[in-house]
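Please keep the sequence and the coordinates at hand while reading.

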Amino acid sequence: MTVFDDLVGQAAASAQLKRAVAGAADLLAGGRGAGMTHAWLFTGPPGSGREEAARAFAAALQCPAGGCGHCDSCHQVLTGTHPDMLYVQPSGLSFGVAATRDLVLRAGSKPSGGNFRIVLFEDADRATEAASNALLKAVEEPSPRTVWLLCTPTPDDLLITIRSRCRLVTLASPGTRQIVDALVQRDGVDTVTAEAAARAAAGRVDRARQLATDPEARRRREEVLSIPAGLDGLGACVTAAARLFEIAEEESKALTTALNEKEKDDLKAAFGEGSTGKGVAKAVRGAAGALKDLDERQKRRATRIKRDSYDRALLDLAAFYRDVLALQLGATVELSTAERSGDLERIARSGTPESTLRRIDAIMACRGRIAANVHPQIAMEAMTSALLAG
């Protein structure tokens, strides 16, 4: 089993990356390294596994056996502890120029023991314009053994000058059966739960895993999907918007609380809290500044996670109306919200395809307003009113 075997439904991308790994081995041996280059752009829809593919590629590049999946080098890359890997995970809504310049400086050093110095930049589309310009210089003139792995939803999310210097790896949304097999074989989920989660996730592996393993995530989704059936007046619209806002807040709080506590505990332990001996008290006092910086990063991350939670709830609503539209048009497609068949059929009979499309547009408009910093609950009230009107 290799590091690429864990990529669900990505046979074409895996084959491309394996050829590049062979080229890298040839390059290190003094050859021309056909198929290998210094900059890669991993793109694909949410949940397709962009970061997982980039991490697997990084492990294969560092591995003496080309990505065996079980050696120390592979283990270090996959767990984020390899000394020649730089992992960039923007914690806020954007990634600034100062952080980018620091990253470029660190990326230019020679590998200490691995084959390459590799930068894995998740959500590279969060880089500001100034940060993107700083990144362009590094991608244009890389150090001989530095490899950049950038991850974005689409190629258009990066400056065209950066895109033109990267080799593109395009990931596809895996099929429902592929996701089911992965959940059953790797996560030990029963087949019935796996099938329901895979159908609901609409090609997003991470979302399917969350729904399959977290009862609270399933409950929140069910509550979101119950909203359309209850929209029978303006009062119900306001109530539904308030509840939709609360559901997203609950999810974001559940995701951030555990992360925050673990990070704070790890940082305090690193500064010696709970230990005894000479110098410990001074070290613990010195942790105050580091804890303040961590708190600021966690606040920025919480904002991003909230936005993602709002978006997830809105996409579940959009999936409901997409299924309504499929029923209205007689399309023979898999329904991701089939468990709400009664509501789907009733709403499909009571409206027209045109009104359903307007409702989907209202949901997309709500997503845009939240991204533009309109208060989420106000944006959701406008949306639920539009859903009622049709």
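## Basis

The model is predicted: local features need pLDDT of at least 70, side-chain atom pairs count only at pLDDT 80 or more, and totals for chains, interfaces and linings use all residues. Residues are numbered from 1 along each chain as its sequence is written, and side-chain values use heavy atoms, with hydrogens and water left out.

Helices (H or I, at least four residues) and strands (E, at least two) are DSSP runs, numbered from the N terminus.

## Helix 3

Helix 3 spans residues 72–79, and its residues Ser73, Cys74 and Val77 are buried. Buried means under 20% relative accessible area, exposed over 50% and partly exposed in between, with a 1.4 Å probe and protein chains only.

Asp72 and His75 are exposed, on the face turned away from the buried side of helix 3. The cover over the buried residues includes helix 2 (50–62) and strand 2 (85–88).

## Helix pairs

Two packed helices are described by the angle between their axes and the distance between the axes. Here axes are lines fitted to C-alpha atoms, for helices over the stretch in contact, and angles run from 0 to 180 degrees between N-to-C directions.

Helix 2 and helix 3 pack at about 150° with axes 9 Å apart, and are therefore roughly antiparallel. Angles under 35 degrees count as roughly parallel, over 145 as roughly antiparallel, 65 to 115 as roughly perpendicular and the rest as oblique. Contact (heavy atoms within 4.5 Å) involves Arg55, Ala58, Ala59 and Gln62 of helix 2 and Ser73, Cys74, Val77, Leu78 and Thr79 of helix 3.

The axes of helix 7 (residues 176–187) and helix 8 (residues 191–201) come within 9 Å and cross at roughly 135°, so the two helices are oblique to each other. Residues in this contact include Ile179 and Leu183 of helix 7, and Ala194 and Ala198 of helix 8.

## Cysteines

A search of the whole structure for disulfides (cysteine sulfur atoms within 2.5 Å) returns zero. For Cys74, the nearest cysteine sulfur belongs to Cys63, 3.7 Å away. Cys74 is buried, at 0% relative accessibility.

Cys151 is also in no disulfide, and the nearest cysteine sulfur, that of Cys166, is 11 Å away. Cys151 is buried, with a relative accessible area of 0%.
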